[in-house]
Amino acid sequence: MPKTVSLNTKCPHCGKSFMDEEFKLHDVASIKLNIETASNRGTIRLCSTYGCYDHVCDFDLKESEIAKFYCPHCNKELVCKDNCETCDAPMIPLTLKLGGKVFICSRHGCSNHFVAFEDLATEVRKFYHEYGF
Ligand SMILES: [Zn+2]
Ligand SMILES: [Zn+2]
Ligand SMILES: [Zn+2]
């Protein structure tokens, strides 16, 4: 069995944790964000297991719909300058507690996401130490 990695994320603006211990997905704390589409606004919880795309949203997301994501603490929008390499929708940046960021695609149904480290050497070392790859 490969070890699964649970990403501990926080807001790039206010630094508060996105992790919701009360609402677990696949036995790990979910990532709680506010979500807005053309027709709805609500809360979404993403599975924090890296490589898993499961999520629970309190309204129905349409296939291929692009959503906007906001911090549930400071309400600032989570945006970055990069677009998805697969579908060209905006990517959503989530800061990792260990340093670096994970980017997820804002288009429902697109499974593109990747982890990026700003200080590669030390952050990758911390990451490997924490998750024991
Ligand atoms: Zn915030
Ligand atoms: Zn999962
Ligand atoms: Zn995409």
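**Strand pairing and overall fold**

Strands β7 and β8 pair in the antiparallel sense over five bridges. Strand β7 spans residues 91–96, and strand β8 spans residues 101–105. Within this pair, Leu 94 stands opposite Val 102 of β8. The model is a predicted one.

Four strands form an open sheet in the order β1-β7-β8-β9. Pairing in this sheet is antiparallel. Its edges are β1, at residues 9–10, and β9, at residues 113–116. Each edge strand pairs on one side only. In general, the strands of a sheet pair through backbone hydrogen bonds, in either a parallel or an antiparallel sense.

The protein as a whole contains nine strands and one helix. Read from the N terminus, the elements follow the order β-β-β-β-β-β-β-β-β-α. The radius of gyration is 14 Å, close to the 14 Å given by the globule rule for 133 residues, so the protein is as compact as a globular protein of that length. Taken along the principal axes, the C-alpha atoms fill a box of roughly 45 × 30 × 30 Å.

Burial and contacts were also computed. Of the 133 residues, 22% count as buried. Contacts were considered between residues at least 6 apart in sequence. Among these contacts, 40% join residues at least 24 apart.

Key. Residues are numbered from 1 along each chain as its sequence is written. Chains are lettered from A and ligands numbered from 1 in the order in which they are written. This is a predicted model: local features need pLDDT of at least 70, side-chain atom pairs count only at pLDDT 80 or more; totals for chains, interfaces and linings use all residues. Two strands pair if DSSP finds at least two bridges between them. Helices (H or I, at least four residues) and strands (E, at least two) are DSSP runs, numbered from the N terminus. The radius of gyration is taken over C-alpha atoms; the globule rule is 2.2 Å times the number of residues to the power 0.38. A residue is buried if 20 or more other C-beta atoms lie within 10 Å of its own, exposed if 12 or fewer, and partly exposed in between; C-beta atoms are placed from the backbone. Two residues are in contact if their C-beta atoms, placed from the backbone, lie within 7 Å.
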